[in-house]
Amino acid sequence: MGQVSLGAHPNHYATQQTSVEPIPATEPPPGKSEVSITIEGDKRVIVSNGLPDHTTGRFPNGDNPNSIRAQHYHFTIPLHPVANPKPTPLGPQPFGIAVNGVLFDPGTAEYWHNDRDSDWHYDALGNAFSLGLDTNNAHVQPNGAYHYHGIPTALFQRLSGGKPRMTLIGWAADGFPIYAEWGYKDAKDKTSDVVKLKSSYRLKQGERPTTNGQPGGKYDGAFVEDFEYVAGSGDLDECSGRFGVTPEFPDGTYYYVLTRDFPFIPRAFRGTPDPSFERHGPRGRGRMRPPPPGERGPPE
């Protein structure tokens, strides 16, 4: 997830949002981006070096001590994914991969009081403190992996041409496609207006509990647990997706949507994530190389 653990950093005692400015993405791409997406039998195979094909923020920076380095990604996902009746929560793994070969990895290794047993997880875009993200909503893990925590601004701008249209941005670990922000107003009608789709998560009301060492303070989005799913309050389900037609799937499919509001990147799967996305899988599986021992958390 995210970057290096901040250890006993006092920021792990933050309970409310503050003003966090992203790092301007003014640095040239760190190297040649290499990615291939092919179909082999009933699998979609994605191989990449994880380097972005757009400008980035400056890394290392004051809140992220890591430099961007090439990776060795090899993922396989179902070509014909199946939607399950119940969601599968996102564990300590990436949610998916962008079409440029960079990971979507929304989780962090930042916990209230730096306690990994805590039920309170800081959200990377929750603005409790800075995790050194750039204006692409991205930063770098200790192993050098650049990864997105929200809509990849530069990539989305290039693919969409800056126009309001459905834009395929990547693939989830369960095989379903990922779009960014825009979708048809009527999910089943490609001739309907294109609108910004809203998640069905909202901030809880009132104050966080303070019993048993819990953080207290007003629910404001600093923690993942500040939000609750309210069915029908937005356009998307609890997995931040829906069934409908898309330019690439005119007959319809289930698809995910990256949003400007929480959860930004989905935190649950509608299908079954492929084992190749696991950080610690059996040897010999096509998967990403895990970070060295002791470097699993971001400072995310």
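Two strands pair if DSSP finds at least two bridges between them. In this predicted model, Trp 171 has Pro 177 in strand 10 as its bridge partner.

**Strand 9 and its partners**

Strand 9 and strand 10 are antiparallel and joined over three bridges. They form a hairpin with four residues between them, and Gly 175 in the turn has a positive phi of about 100°. Strand 9 also runs antiparallel to strand 5, again with three bridges. Here Ala 98 is found opposite Gly 170 in strand 9. Five of the five residues of strand 9 are buried, so this strand is largely enclosed by the rest of the structure.

**Helix 1**

Helix 1 spans residues 153-160, and its buried residues are Leu 155, Phe 156 and Ser 160. These residues lie on the same side of helix 1, because they cover an arc of only 115° around the axis. The buried residues of the helix pack against strand 9 (168-172) and strand 10 (177-180), that is, against both strands of the hairpin. Strand 5 (96-98), strand 8 (146-148) and strand 11 (182-184) are packed against by the buried residues of helix 1 as well. After the helix comes Gly 161, with a positive phi near 70°.

**Ser 199**

Ser 199 sits in the loop that links strand 12 (194-196) to strand 13 (201-203). Ser 199 has a relative accessible area of 5%, and a residue counts as buried under 20%, so Ser 199 is buried.

| Side chain | Backbone atom | Distance |
|---|---|---|
| Ser 199 | nitrogen of Tyr 201 | 3.3 Å |
| Ser 199 | oxygen of Phe 262 | 2.6 Å |

Beyond four places in sequence, Ser 199 is in contact with Gly 234, Leu 236, Thr 259, Asp 261, Phe 262 and Pro 263.

**Confidence**

The protein chain has a mean pLDDT of 91, and 90% of its residues reach 70 or more. One covers residues 1-8, for which the model has 60 contacts beyond four places in sequence. The other covers residues 281-299, with 57 such contacts. Where pLDDT is low, the predicted coordinates should not be read in detail.

Key
Residues are numbered from 1 along each chain as its sequence is written. This is a predicted model: local features need pLDDT of at least 70, side-chain atom pairs count only at pLDDT 80 or more; totals for chains, interfaces and linings use all residues. Side-chain values use heavy atoms; hydrogens and water are left out. pLDDT is the predictor's confidence in each residue, from 0 to 100. Contact means heavy atoms within 4.5 Å. Helices (H or I, at least four residues) and strands (E, at least two) are DSSP runs, numbered from the N terminus. Buried means under 20% relative accessible area, exposed over 50%, partly exposed in between (1.4 Å probe, protein chains only). A polar contact is a pair of N or O atoms within 3.5 Å; within protein, one must be able to donate a hydrogen and the other to accept it, and residues adjacent in sequence count only if both atoms are side-chain atoms. The arc is that of the directions from the helix axis to the C-beta atoms.
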